[in-house]
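Welcome! Let us walk through this structure together, one part at a time.

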Amino acid sequence: MLIAILCLGGPFFTGYSYESTEISLKASAPLERIVLRTEFRKVGEPRESYLALSSLEDEFLERSPAERRAIKERVQNGNEFREGNAAYRLSNQRHVFGTDPLGRDLLTRALIGGRISLAVGFAATLVSIAIGVVWGAAAGFAGGKVDTVMMRFADILYALPFTVIVILLMVMFGRNFVLLFVAIGAVEWLNMSRIVRGQIIALKNQEFIEAAISLGLSAYRIMFRHLIPNVMGSIIIYTTLTVPNVMLLEAVLSFLGLGVQPPLSSWGVLIDEGSRTMETSPWLLFFPAVFFTLTLFSLNFLGDGLRDALDPKSSKD
């Protein structure tokens with residue numbers, strides 16, 4: 001909940017946009033001091049730009065190393081340095097997580113990426129649960145040849161590689177954020193359908209279902225008013241365990257270049273970008289990976305707790 005709240009509200013308070021770039025600030029370290037460069041022009045307002053303090057010496061490559069160090073120390077001590085029509089001084093700007101190779105604030109992008117990853121995780125899970133529950137309940141309640149045909153269709157989908165399905169959807173409908181929900185939900189419902197089918201088969205011969213049938217209730221009402229509510233415990237448990245799996249699938253798609261497209265980002269996209277520069281800028285990989293890992297651990301712990309709480313066999317009471 002804490003991570004979700006941070007991702008939802010945090011970008012409004014960071015002071016930066018997830019898409020605004022500052023090339024001169026590329027890959028600056030976390031909390032590194034930022035220098036404000038003001039260029040005075042004959043016509044118009046002065047133009048301002050920012051650069052990391054560690055990159056200040058690169059502005060004066062024509063000078064000797066000793067002079068460059070002296071300029072850096074002067075600015076670092078809070079004094080202003082002028083060179084031609086440009087002035088350099090420390091600013092109050094800081095980037096808590098540093099910046100990416102395009103100079104974008106990493107904290108803001110990590111929080112926006114959390115929104116995308118959590119949205120994909122929960123929305124695709126809801127799609128898969130809706131399909132899987134209805135499919136499994138219908139197959140288990142109908143039984144016979146209907147059950148055989150429906151589950152053989154599920155087996156065929158099991159045999160298809162997930163990435164192939166996603167690539168085909170991308171080719172047919174183009175890259176779309178909503179398409180991620182459909183693509184992931186189209187394969188994740190298979191496990192849920194088998195779980196629900198097994199539960200329904202175990203319940204449909206119980207006395208209360210036979211009583212409902214003898215009263216002439218429709219199959220639709222029996223399924224949605226009597227059978228499915230009695231397997232909600234298993235559905236809830238599997239839902240909490242499906243969300244992290246879906247988020248991992250989204251991260252895999254991002255590594256393949258099939259995920260969220262720039263300037264939007266997800267944790268998978270940020271981890272992919274950070275892995276390319278981990279030797280020179282390890283924070284670009286570290287912070288998104290920490291957010292991602294903590295979220296996956298939390299969701300798995302939640303699923304384990306719900307399983308113990310809702311499973312009568314593991315209850316101590």
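## A guided walk through the model

Helix H10, which covers residues 267-276, gives the most to the lining of the largest cavity, contributing three residues. Keep in mind as you look around that this is a predicted model.

Let us stay with that cavity for a moment. Its volume is about 50 Å³, and the count of cavities of 30 Å³ or more comes to one. Who lines it? The lining consists of Asp100, Pro101, Leu106, Leu270, Glu273, Gly274 and Leu284.

Now turn to helix H3, which runs over residues 106-142. Just after H3 comes glycine 143, which takes a positive phi of about 65°.

Next, look at helix H4, residues 144-159, which packs with H3 at an angle of about 150°, the two axes being 7 Å apart. On the H3 side, the contact is made by Trp135, Ala138, Ala139, Gly140 and Ala142, while H4 brings Gly144, Val146, Asp147, Met150, Met151 and Phe153. Taken together, the residues of this contact between H3 and H4 divide into eight nonpolar, two polar and one charged.

From helices we move on to strands. As a reminder, strands of a sheet pair through backbone hydrogen bonds, either parallel or antiparallel. Here, four strands form an open sheet, ordered S2-S1-S4-S3, and the pairing is antiparallel. Which strands stand at the edges? They are S2 (47-52) and S3 (81-83); each has a single partner strand, so one side of each is left without a neighbour in the sheet. From one strand to the next, the twist averages 25°.

You can follow one of these pairings in detail. S3 and strand S4 (residues 86-90) pair in the antiparallel sense over three bridges. If you look for glutamate 83, you will find that its bridge partner in S4 is alanine 86. Helix H2, made of residues 65-76, packs on the sheet, where it touches strand S1 (34-39), S3 and S4. The direction of H2 makes about 55° with that of S4.

Definitions and conventions
Residues numbered from 1 in each chain as written. Predicted model: local features only at pLDDT ≥ 70, side-chain atom pairs only at ≥ 80, totals over all residues. Heavy atoms only, no water. 1 Å grid on protein atoms, 1.4 Å probe; cavity = no way out; pocket = protein on both sides within 12 Å on 5 of 7 lines; lining within 4 Å. Points joined across faces, edges and corners; volume = space filled by probe spheres on them. Helix = DSSP H or I, 4+ residues; strand = E, 2+ residues; numbered from the N terminus. Axes fitted to C-alpha atoms, helices over the stretch in contact; angles between N-to-C directions. Contact = heavy atoms within 4.5 Å. Nonpolar A, V, L, I, M, F, W, Y, C, P; charged D, E, K, R; others polar. Pairing = 2+ DSSP bridges.
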